[in-house]
Structures are given as structure tokens and as C-alpha cells.
Amino acid sequence: MLRHFPHLYLLNMLRPFVLLLFLLSFMLISCDSGIQGSFSDNQPPTTSLTVEEINLPEGERLLSQVNISWWGDDPDGYVAGYEFYIGDVTQATAEDWNFTEKTDSTFILPIPEGNTDADVEFTVRAVDNEEARDPEPPSLTFPIRNTAPVIQFTNNETPPDTTYRIVSFGFTPSDPDGDANLNRVEIALNDTTSADSWKELSVEANFITLRIDDTIDSPTAQILLGRSASESSMMFNTVNVNGDNEFHVRAIDNAGAVSDVKTYEWYVKEQTSNILFLNDYFGTNTDERGNFHLSLLEQVGISEVDYMDISDGQVLGGTRVPLSSAFPDRSLADPTINMMLAEWDYIYWISDDLDRNIGYALELTDEFFAQGGKMFINIPIEYLSDRNSLFQFLPFREVAQEPSMPRRSPTFEIKRCSEIQSSDEISLDINLRLNRPIFPANPIVPFNESISLFRADFGLILRNPTTRGDYEGIDLVSTMNPDQSIVYFGIDLSNFTNVNDNPCEDPDTDEPLPPSDLEGLIEFLTIETLGFEQ
């Protein structure tokens, strides 16, 4: 049909192209003329508090630490954050508002110093993406009441019943209204009657050490801060030397409320010597052994020593005894015990067992040795496992074991009247003989750098059948470290002959031999070797 009407056929073919041309023309006309209308102004956001009103029973108030939440809405954009102000909002300048992106937070609302109660206004406003602010921000008044802070001495951070010059205290302040409400800690020594009696510390300074100077007519105590014992300009001049002392501590919050005062009482003993005598001889013979050694020291001219009995606590099952209660707690090894022991130039340490307090010496004496301290140790030798930490402290690397002899089970012994002789490394002619056999006994094996001092005539007891056998090998009982700061003597000095013992006899003449020269031994080990002096 269309071939009879060619103009209709052509029109039908061009229809899509005509429609496209019409659309392009419309778009060009629109671009030329622009979209008609006007832009709307930015609308400010609105803000709401989760709680609109606080109703409490008469007389009731909130703690000053409160949690406050809010939200915001913006009709033509989005909320970018919030600004809040605490106080009379009519007095707030633009710089006084605090910005946050949070929708809740915990606040310590301020109470004027000296007051207990306050009505504190809190205002918050939303800020939108174009920095428009809610022109009518909501406010809420919080009726709050301040609660006094509290303070406690920290467990295991108080001194023993008696101390010398160094004493430490740990304390923990807290506040029911939130620890951010704490303002300071104050401490006093003995006198609390005046404002000047109290020394102010920051809240963070929850550990202090007193370093007492008892060498002057009016003793003082310098206050050292923190675990690092940093020096401060603060000092007490109210120390009671050779008397009871009271340490007081209290906490104060931002409103001026004061905690109850906590008080700790202890005895300060005057340090009279540069030699510390540590008696760790356990049992009923503690005083007897101590007096025996003190007598020996007096014979060589050392008549003044400071004395500590550290013999409390019992070794059970081969485990190391707990650190003596005469020391501060072991957790205070640094700084307190280290500082305490460093107050002396020399330490004379006796015990009946290597599993006692000597096992802590490595961690307690760093500062003592760093300041040039010297130590004499008289503790009987006993077998120690190769991993024992004592080998990091004592001047030998192991305790010798009996030789391997199948089915004979050998054990070391030193016979009565055996002579203890000086080693080839020292020049000393001295008479030392045992007043009883020592069984079991073990030689010590020195480090290559250790200095050998004394040796013994070790023998063996053999089983199946029981007989005695000879021993050739390491025979040392006393050594000194390369720094010449520690002398170890591994036979209890009370085991040597004295004028009251049945005398040992000369094997050739059967004549009685003189008693052991313990005075000469002590003089050599302490004065000549270690330099002990009053």
C-alpha cells in the first residue's frame, strides 16, 4: 500500500529522527534560559536532652559524677557535632563552649570549694554541616552533692615494725564522685597541728620514701617521690630517732573535702655504724650464734655494728624461706631495700642454711655494691642444683657432687680435727681445725676468675659395705669474687676448736694442738681482705 503513497512512507521513516531533534532543541533552550526559582536559607539544627527534668525526693542529691546524653536533628543537612557548656549559659562566650562528636559522656560537675551542695546547669547545642548552631539549646540543672574522698595504705607497701634510715609508704586515694575530682594528697610526720605540718603531693605521687638523716642534732627526713625515688625539696624536721613515729596521709578533692586521715606507726632506730650485721641463723640458737660472731668482731677491734635479726620464717621442703619481715616487702626491693642496705659500707651475714634470706641478696644489694659495698658471708655449704639463682651472686659456680661409684653411694665428709688450710692464692699461716666431723659436706667449684681462699681435707663415706675412702679433686670451702667485694666461707665458724673443746692432738706426737685462731681468721677475711673498718 505504501508504495502508492511515497510521501507517507518517507514520513514514517523519518519519525524517530524528528522526535530526537525535538528533544535536543528543548534541552538547548533550557540551558540557555536556566532553571527558574530561588534557594532556601540553611535551617539550624535542633537539640534534645535524653532527660528533660530531674525530680528527686526532698533532701536527696546526685553524686557530682553524672552521665549525660543527648541527640540532635537537622532538617536540611546533617549534625556534624555538639557543643556543651557547664554553668550559667548566659555568661558563656563563644570560646567557652566545648566541642564533641559524642552523644553522651560522663562529667564531674564542679562544686565551689568549701561547699557540699551545688545546682549545676548543663547546656548542649547541635552544630550542623554548615556550622549553624541550635539557637535555643536545651539546659538541665543537676542538684549534686560532693562526697569526701578516701585514702588507704597500699597492701605490702608499709614499713616493718622497726627501720633504720630508709622507709617507704604506698597509698591509694579514690573519690566516690570520680577520681578526676581528686585534687591532691597531703602527708605529715608526727606533727599535724598546723597547716605547715602537711606536705602537698600530686594525686599521681602515690608512693614516697623518707630518707632520714640521723647524723645531725635535729634529724630530718627528705621526701623522695615515686618508685624512682626522685628527690624533692620537701623535708620533715619532726623525726623521732630511737622512738616511735607516726606517718599521716589524707586526700583532698576539688571541692576541698578532706578524707579521713590514715596513720601508720613504726619505730626508727638510729644507725650507729657503717657495718650491718645480719643474723639469719634459724632456731633457738639465733642469739647464741649472733653473740659468738659479735665477740669475734670485737676481738679484732670492730665493736660497733648495726644489728638486724632476720631469722624469722622456716624453710619447708627445701624451698626458699619467705623474705624476712624485718625487711620491707619483697615487692619493695627496688627502691626501698636497695636504698636501705646501701646506707652501710659493709655487711656481715650469717645463717645456717643457703635456702634462707641469702637467696634474695641478688635483688636486694644492687645499690649496695654499686656504691662500693663489701660483704662477708658465713653459711655452711650444702648441695645446690645447677639452676639455683645463688650462683649469680655467690663467688662460685657450682657445688661439687660425689664421684660416680656404682652401688657404693659415696658421700663427702670432713673429719674432726681436720685442718682447714689457706689456698696457694693467699699467704696465710693460721691454725684452723674442726671440733666435730661435718657430714654431709660438699666442696665448691669456683669460677675461673674467683679467688680461692681456703680448702679442706675431704674424704668419702662409701656404702655396701660402709667404709671410708680417699678423695682427690676440688676441695675448696671459701672463695672471693673477682671484684673482691664478696667473701664466702662455707663452714660455720662455731665448728672450729676453741679453748673449751677437747683439744685435737698432733698425730705424730700426740701432744694437744692449740685451739683454732678464729680471731686471726676474722681479721684476715673482714679487715685485711674486705677492708672492714669502723
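Me: How many disulfides does the predicted model hold, and what makes a pair of cysteines count as one?
Reply: The count comes to 1 disulfide in this predicted model. A pair counts if the cysteine sulfur atoms lie within 2.5 Å. Cys 417 and Cys 504 have an S to S distance of 2.0 Å. That value meets the cut-off, so the two are joined by a disulfide.

Me: Why is the disulfide of Cys 417 and Cys 504 called left-handed?
Reply: The torsion about its S-S bond is about -90 degrees, so the disulfide is left-handed.

Me: What parts of the chain does the pair link?
Reply: Distant ones, 87 residues apart. Cys 417 sits in the loop between β24 (411-414) and β25 (421-422). Cys 504 sits in the loop between β31 (486-489) and α6.

Me: Are Cys 417 and Cys 504 buried or exposed?
Reply: Cys 417 is buried, and Cys 504 is too.

Me: Why is α2 called roughly perpendicular to α6?
Reply: Helix α2 (residues 286-299) packs against helix α6 (residues 518-529) at an angle of about 75 degrees, with the axes 9 Å apart. Roughly perpendicular covers 65 to 115 degrees. The angle falls in that range, so α2 is roughly perpendicular to α6.

Me: Which residues make the contact?
Reply: Phe 292, Leu 296, Leu 297 and Gln 299 come from α2. Leu 518, Glu 519 and Ile 522 come from α6. They divide into 5 nonpolar, 1 polar and 1 charged.

Me: What covers the buried residues of α6?
Reply: The cover includes α2, β21 (346-351), β22 (374-378), β27 (451-455), β30 (476-480) and β31. Among the buried residues of α6 are Leu 518, Ile 522 and Phe 524. After α6 comes Gly 531, with a positive phi near 80 degrees.

Me: What makes β9 and β16 edge strands?
Reply: An open sheet of 5 strands runs in the order β9-β11-β14-β15-β16, with antiparallel pairing. β9 (150-153) and β16 (230-236) each pair on one side only, and they are the edge strands. From one strand to the next, the twist averages 30 degrees.

Me: How do you know that β15 and β16 pair?
Reply: Pairing takes at least two bridges. Strand β15 (residues 220-225) and β16 have 4 bridges, so they pair, in the antiparallel sense. Leu 225 has Ser 230 of β16 as its bridge partner.

Me: Which strands does helix α3 touch?
Reply: Helix α3 (residues 333-341) packs on the sheet and touches β11 (166-174), β14 (207-213) and β15. Its direction makes about 10 degrees with that of β14.

Me: Why is β12 called largely enclosed?
Reply: In strand β12 (residues 182-189), 7 of the 8 residues are buried, so the strand is largely enclosed by the rest of the structure.

Me: Which residues stand opposite Glu 186?
Reply: Arg 250 in β17, and Glu 200 in β13. β12 pairs with strand β17 (residues 243-253) in the antiparallel sense over 7 bridges. Its pairing with strand β13 (residues 199-201) is also antiparallel, with 3 bridges.

Me: Why is Glu 131 called exposed?
Reply: Exposed means over 50% relative accessible area. Glu 131 has 61%, so it is exposed. Its phi is positive, near 65 degrees, though it is a residue other than glycine.

Me: What makes Arg 407 exposed?
Reply: Its relative accessible area is 69%. The cut-off is over 50%, so Arg 407 is exposed. Arg 407 lies in the loop between β23 (398-399) and β24, with a positive phi of about 70 degrees.

Notes:
Residues numbered from 1 in each chain as written. Predicted model: local features only at pLDDT ≥ 70, side-chain atom pairs only at ≥ 80, totals over all residues. Heavy atoms only, no water. Axes fitted to C-alpha atoms, helices over the stretch in contact; angles between N-to-C directions. Helix = DSSP H or I, 4+ residues; strand = E, 2+ residues; numbered from the N terminus. Parallel < 35°, antiparallel > 145°, perpendicular 65-115°, else oblique. Contact = heavy atoms within 4.5 Å. Nonpolar A, V, L, I, M, F, W, Y, C, P; charged D, E, K, R; others polar. Buried < 20%, exposed > 50% of the residue type's maximum accessible area, 1.4 Å probe, protein only.
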